[in-house]
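My notes follow in the order in which I looked things up.

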Amino acid sequence: MRSGMPFGIAPFTRAGLLSIKHAVRDRYPQIKSGHFDEAIAYALGFDTHAAMLPVMDLAEKSGEMSALVKPDWFILRLADFGYDLNEMKPLNAFLWSLPLTFAMSVMATERSERAGSLLSPKAANDG
């Protein structure tokens with residue numbers, strides 16, 4: 001396993017985490033929904049899913065925030081729930097293959113476009 005390296009930067013929103021959940025559980029349906037929730041919270045650095053929820057509420061209210069998800073921590077938490085690490089090795093590889101972004105909010109898209117238009121070089125003949 002690649003220790004300490006992120007597999008992706010996901011918007012820290014319910015929609016972003018739900019995208020990850022669907023991607024993983026569609027491929028690994030043996031992972032119980034509640035176990036996934038606990039494992040993803042752990043992979044984000046929280047001890048429990050319940051501990052993550054108030055922080056997520058604040059993040060969603062304050063606008064777009066991103067979070068680093070670590071697959072090794074995800075797998076470790078699943079092992080805590082009794083999942084066989086040997087069976088989870090393909091999941092670790094799958095997590096590393098996920099795209100870097102999962103769901104962009106409208107606000108994030110708007111901010112990205114605005115930043116791009118303000119920060120991109122202007123043509124010399126552009127007034």
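**Confidence.** I began with pLDDT, the predictor's confidence in each residue, from 0 to 100. The protein averages 77, and 72% of the residues score at least 70. A contact means heavy atoms within 4.5 Å. Where pLDDT is low, the predicted coordinates should not be read in detail.

**Ground rules.** I noted that this is a predicted model, in which local features need pLDDT of at least 70 and side-chain atom pairs count only at pLDDT 80 or more, while totals for chains, interfaces and linings use all residues. Residues are numbered from 1 along each chain as its sequence is written, and side-chain values use heavy atoms, with hydrogens and water left out.

**Overall layout.** I found 6 helices and 2 strands in the protein. Helices (H or I, at least four residues) and strands (E, at least two) are DSSP runs, numbered from the N terminus. Along the sequence the pattern reads β-α-α-α-β-α-α-α. Of the 127 residues, 35% are buried; buried means under 20% relative accessible area, exposed over 50%, and partly exposed in between (1.4 Å probe, protein chains only). Among contacts with a separation of 6 or more, 74% are between residues 24 or more positions apart.

**Helix H2.** Which residues of H2 are buried? I listed His35, Phe36, Asp37, Ala39, Ile40, Ala41 and Ala43. Their cover includes H1, H3, strand S2 (66–69) and helix H4 (71–80). I stopped at Asp37, which counts as buried because its relative accessibility is 18%. Its side chain makes a polar contact of 2.9 Å with that of Lys21. A polar contact is a pair of N or O atoms within 3.5 Å; within protein, one must be able to donate a hydrogen and the other to accept it, and residues adjacent in sequence count only if both atoms are side-chain atoms. Leaving aside neighbours within four places in sequence, Asp37 is in contact with Lys21 and His49.

Leu44 lies in the loop between H2 and helix H3 (49–62). Is Leu44 buried or exposed? Leu44 is at 14% relative accessibility, so it counts as buried. Beyond four places in sequence, its contacts are Phe12, Leu17, Met52, Ala67, Leu68 and Val69. Phe12 is 32 residues from Leu44 in sequence, and their C-alpha atoms are 9.4 Å apart. Just after H2, Gly45 has a positive phi of about 100 degrees.

**Helix H5.** I looked next at Met88, which is in helix H5. Met88 counts as buried because its relative accessibility is 1%. Not counting residues up to four places away in sequence, Met88 touches Gln30, Ile31, Ile75, Leu78 and Tyr83.

**H1 against H5.** Where do these two helices meet? Ala23, Val24 and Arg27 in H1 meet Leu91, Phe94 and Leu95 in H5. By class, I noted 5 nonpolar, no polar and 1 charged residues in this contact. Ala, Val, Leu, Ile, Met, Phe, Trp, Tyr, Cys and Pro count as nonpolar, Asp, Glu, Lys and Arg as charged, and the others, Gly among them, as polar.
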